[in-house]
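Here is a short report on one protein model. Look through the structure first, then follow the sections below.

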There are 2 protein chains.
Amino acid sequence: PNAGNEMHNNWESLREGQSLVADPRLPGKCYPAVIDNFILNGPTVDVHAVESFVHHAMEMIMDEAVKKASDVQEKVCEWRSPEQLKELLDLDLRDEGEPESKILQRCRDAIRYSIKTGHRHFFNQLYAGMEPYSMVASFITEAIKTSLYTYEVAPVFTLMEETVLRKMIEMVGWEEGGDGIFNPGGSMSNMYAVNLARYHYCPDIKEDGLVAVQRLVILASQECHYSISKSAALLGIGTKNVYMVPSDSRGKMIPSALEELIKTAKSEGAVPFMVNATAGTTVLGAFDPIEEIADICEKYNLWLHVDACWGGAALMSDRHKHLLKGIHRVNSVAWNPHKMLMVSLQCSAFLVRDKTSLLQRCHSAQASYLFQQDKFYDVSYDTGDKSVQCSRKPDAFKFWLMWKALGTRELEQRVDRALAMARHLAQAIKKREGFTLLMEPEYANVCFWYVPPSMRSLPAGPELWEKLHTVAPVVKERMMKKGSLMVGYQAHHGQPNFFRMVVISPQVSREDLDFVLDEIHSLGKDL
Amino acid sequence: PNAGNEMHNNWESLREGQSLVADPRLPGKCYPAVIDNFILNGPTVDVHAVESFVHHAMEMIMDEAVKKASDVQEKVCEWRSPEQLKELLDLDLRDEGEPESKILQRCRDAIRYSIKTGHRHFFNQLYAGMEPYSMVASFITEAIKTSLYTYEVAPVFTLMEETVLRKMIEMVGWEEGGDGIFNPGGSMSNMYAVNLARYHYCPDIKEDGLVAVQRLVILASQECHYSISKSAALLGIGTKNVYMVPSDSRGKMIPSALEELIKTAKSEGAVPFMVNATAGTTVLGAFDPIEEIADICEKYNLWLHVDACWGGAALMSDRHKHLLKGIHRVNSVAWNPHKMLMVSLQCSAFLVRDKTSLLQRCHSAQASYLFQQDKFYDVSYDTGDKSVQCSRKPDAFKFWLMWKALGTRELEQRVDRALAMARHLAQAIKKREGFTLLMEPEYANVCFWYVPPSMRSLPAGPELWEKLHTVAPVVKERMMKKGSLMVGYQAHHGQPNFFRMVVISPQVSREDLDFVLDEIHSLGKDL
């Protein structure tokens, strides 16, 4: 029935009772074992057919998903609506399998209709570009297929995670060291911060729950990432108990407003236990003033977490690390090397200054089948109990290999170049008619409006805002349908939809930025 | 300084002001843009050097991590202590990068000292074996590098996730359909169940937190996975409020004991809101009686979740799906295709019978920068707000491609063969002197003691148990140091350490099982 699928022929022939070849290491032990009509002798998969398939697939991936996908002459995306794409992909899963040639074609199609995030004209998210070293490392972790909970099954990756965490902690400036763990994404790392801060405030909550505890309050700026609210919901704290501190016009938390809200919470009989400062907000790229916030947290004895998922990369740069001045004073940091530093998705570190195993104590469950204490090696290398997960991917390896290949200086250069590129883009926008900068970029986020000629003579005011609000979505639709470019847009605090450009990849040049502005004009000039 | 690293020569030459080649698409626009001494014209990475590196790395991965790592003539592991391995790997991250030849060697070393989980003699976890289709799919997702939150950046993977979830829901037997999401591991999927059950009981907790709520209680068997306790800790419910229901001698939850504990919780003034039944426990592979538990949950109006992370695969099999009889009646299911079905790590589905967007309502935070409502396509395909994460990997694609290639029938065959293999192993153990089966396997877990000759004449009793307890750890140490085999062991409910063998891969044959028993005897016979 599965004629084209060479790998399984062996299986079929086995069940027909043919070719019961004994394992060559076990001569003479070739008796057939049959259970439920399965002849259990010999492997059922043809290894050579498997290897040949993987080999062909890798060549195809090289051509289609590496070379072609990063070729600037190709499209960023080949847009299809969900309905069209469903038809094109023939998604249904059936009783019978398909031959390898068909499967290779399905792989080609999956690549074809996927977004080319490694393309130089992809600026849609806070990740972009193809980073060869971490990509290769990710292929290795996929081929090696293991889980980072015990040294026993992940010796290499365990040590690499330790090394990378130590180096990141050094960058943060915790001279006494610290602890940490890699998580599947920055939202998870921020969630760890909330849980650790709560455990630090009251370790009994782990066992007893929140029943006997006063209302807990988290403070974060109104520009903070939505994962803070998600964490509050998940952890039983409640989204209402995330007090949103006002930000200034540049998107930075106002320290005096923070102190006011702490006092308010206390006056309500609630317990503020944690402040989340953001280093590099999602939309504006703003940095909360960590020093001043740290002063307040010390005064009120609050856990200070910095969500540096996006802005942490500035710590690599002598020129820009002032943006996070004071970070050595905080209790914990979330930092995603998969963003500005271009490590393959996902790579997110949660770092904690504590050196008393708070992370382990907060999360441990001591599963006896994984974390046996009578193992023959130092079980402190079994780090799985620091995690809320059980199986966990070895994401640190991707960063480690890239760092080894490039060196700290090249990483620094890349951050510096990306931020120089942002300033260049801001200058270019200011020079162009019809483009209006939202504000001077503090980091890599360049936010701007494109104003079509028909709206340029309108006076500032509600009518213009309303019209302008519709421009970005239409330009976005057109760029995706053309496949020439992807840039994100959003409305923000009542302002009309604007574009947010973020340059990350060293492949992106000034010429690409000119192209972006030309293209947006060309797509939107009739609006 | 970075002489060997061909990719960055272009960068150096750029900064020296040479070769400022304009983008061919933009003739005549070649003026140099300089910011912070960075010349921003032209890309800084040599694309051909990158492609050549990736190409060489892929060849190396094919040879070392695919072919050699699954070759039964090679070792399962090349054991080094953490101290030895640190020296061998030269982990330190330095200011300067390393040439590509060195990086390729580092990749080779990482593979060499990693555990070969695709080897036929790796039986250490509930995953094993090399599955070529899902591995190739994982390479594609790594090369494509995107995040599964919006259709906009992950159109293909979004639709594939929907398809796979629908098919899994069909297997569970929810005729009206349902909803679901793929998560980074089964612990996360179980955590989703706890959060959803709580939200279902009282949606206000999302906003208000647990302050005004009575003490909540989860019921689970004493054999349940440790992620249930971890979830209770994280969600602010408290580990003490997971009431552990006694299991029978085969590890199955005793329904009458469940009902007793529900009554106990109520009599204490607490609110039982959820029962976790396990389909395939971690150590013994036991299946809780879902029908009887469902009757009780209906009677007391409790959310019933089935942790079928391990045992869910039996749903693929006409012969074995009776193990999960009644699962069509439950509220939610966690099922990890990365276990028995061999999908690349990680691949874990959380399925929910609800069709009123409970999942979305429970987790949504409506981030305006991702989930714009004025997009030009049907934003119901932006599934990211169902997740507690922000960035999320497209794990469903790995299962989809494998399923397409093999077909449902071949997946069924594999499950049937693995379970036949387990019964064969149990028979073989019963026939061998010095091997004692803990119990007849209900599923794929075959638990047994190896009793060295010196202990075989000892009468059953504390002295024998104490001696026997030390055998498995020593045999385990020896097998790892020899590199011949990896099998897990654990103590369990006061019983001395025993081995737990799990056959998953269709590459494993009867001869391999003979080898395992021979090898354990050979390694332990002097004890």
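This is a predicted model: local features need pLDDT of at least 70, side-chain atom pairs count only at pLDDT 80 or more; totals for chains, interfaces and linings use all residues.

## Salt bridges between chains

A search of the whole structure finds 85 salt bridges over all chains. One of them pairs Glu96(A) with Arg409(B). Their closest N and O atoms are 2.4 Å apart. Glu96(A) lies in the loop between α3 (82–89) and α4 (100–112) of chain A, while Arg409(B) lies in helix α13 (residues 396–431) of chain B, so the pair joins two chains. Glu96(A) has 30% relative accessibility, so it counts as partly exposed. Arg409(B) is also partly exposed, at 46%.

Another salt bridge links Arg319(A) and Asp36(B), with the closest N and O atoms 3.5 Å apart. This pair crosses between chains as well. Arg319(A) sits in the loop between β8 and β9 of chain A, and Asp36(B) in the loop between β1 and β2 of chain B. Arg319(A) is partly exposed, with a relative accessible area of 38%.

## A salt bridge within chain A

Glu291(A) forms a salt bridge with Arg329(A). Here the closest N and O atoms are 2.6 Å apart. The pair links distant parts of the chain, 38 residues apart. Glu291(A) belongs to helix α11 (residues 290–300) of chain A. Arg329(A) belongs to the loop between β8 (303–307) and β9 of chain A.

Are these two partners buried or partly exposed? Glu291(A) is partly exposed, at 23% relative accessibility. Arg329(A) is buried, at 18%. The cut-off for buried is under 20% relative accessible area.

## The sheet in chain B

Five strands of chain B form an open sheet with mixed pairing. Their order is β3-β13-β14-β12-β11. The edge strands are β3 (122–123) and β11 (435–437) of chain B, and each pairs on one side only. β3(B) pairs with β13(B) (residues 486–492) in the parallel sense, over two bridges. Phe123(B) has Val487(B) in β13(B) as its bridge partner. Helix α14 (residues 462–482) of chain B packs on the sheet. This helix touches β12 (445–450), β13 and β14 (495–502) of chain B. Its direction makes about 40 degrees with that of β14(B).

How many residues does α14(B) have? It has 21 residues. From first C-alpha to last, α14(B) reaches 31 Å, close to the 30 Å expected at 1.5 Å a residue. The buried residues of α14(B) include Leu464(B), Leu468(B), Val471(B) and Met480(B). The buried residues of this helix pack against β12, β13, β14 and α15 (510–524) of chain B. Just after α14(B), Gly483(B) takes a positive phi of about 80 degrees.

Now turn to helix α9 (residues 227–234) of chain A. Why is α9(A) largely enclosed by the rest of the structure? Eight of its eight residues are buried, so the helix is largely enclosed. Among them are Ser227(A), Lys230(A) and Leu234(A). Gly236(A) follows α9(A), and its phi is positive, near 80 degrees.

Lys339(A) carries an annotation in an unreviewed UniProt entry: "modified residue: N6-(pyridoxal phosphate)lysine". Lys339(A) lies in the loop between β9 (332–335) and β10 (348–352) of chain A. At 16% relative accessibility, Lys339(A) counts as buried. Leaving aside neighbours within four places in sequence, Lys339(A) is in contact with Leu126(A), Cys309(A), Trp310(A) and Ile504(A).

In chain B, Ser247(B) lies in the loop between β6 (242–245) and α10 (255–267). Ser247(B) is buried, with a relative accessible area of 12%. Not counting residues up to four places away in sequence, Ser247(B) touches residues including Ser221(B), Glu223(B) and Lys252(B).

Most residues other than glycine have a negative phi, and most peptide bonds are trans. Where are the exceptions? In chain A, a cis peptide bond joins Leu345(A) and Gln346(A), with omega about -5 degrees. In chain B, the bond from Leu345(B) to Gln346(B) is cis, with omega near -10 degrees. Gln346(A) is in the loop between β9 and β10 of chain A. Gln346(B) is in the loop between β9 (332–335) and β10 (348–352) of chain B.

Asp36(B) has a positive phi, near 50 degrees. Asp90(B) has a positive phi too, near 45 degrees. Asp90(B) is found in the loop between α3 (82–89) and α4 (100–112) of chain B. Asp90(B) counts as partly exposed, at 25% relative accessibility.

Conventions:
Residues are numbered from 1 along each chain as its sequence is written. Chains are lettered from A and ligands numbered from 1 in the order in which they are written. Side-chain values use heavy atoms; hydrogens and water are left out. Two strands pair if DSSP finds at least two bridges between them. Helices (H or I, at least four residues) and strands (E, at least two) are DSSP runs, numbered from the N terminus. Contact means heavy atoms within 4.5 Å. Axes are lines fitted to C-alpha atoms, for helices over the stretch in contact, and angles run from 0 to 180 degrees between N-to-C directions. UniProt positions are given in the numbering used here, feature names are shortened, and annotations may be inferred rather than shown by experiment. Buried means under 20% relative accessible area, exposed over 50%, partly exposed in between (1.4 Å probe, protein chains only). The expected span of a helix is 1.5 Å times one less than its number of residues. A salt bridge is a side-chain nitrogen of Lys or Arg within 4 Å of a carboxyl oxygen of Asp or Glu.
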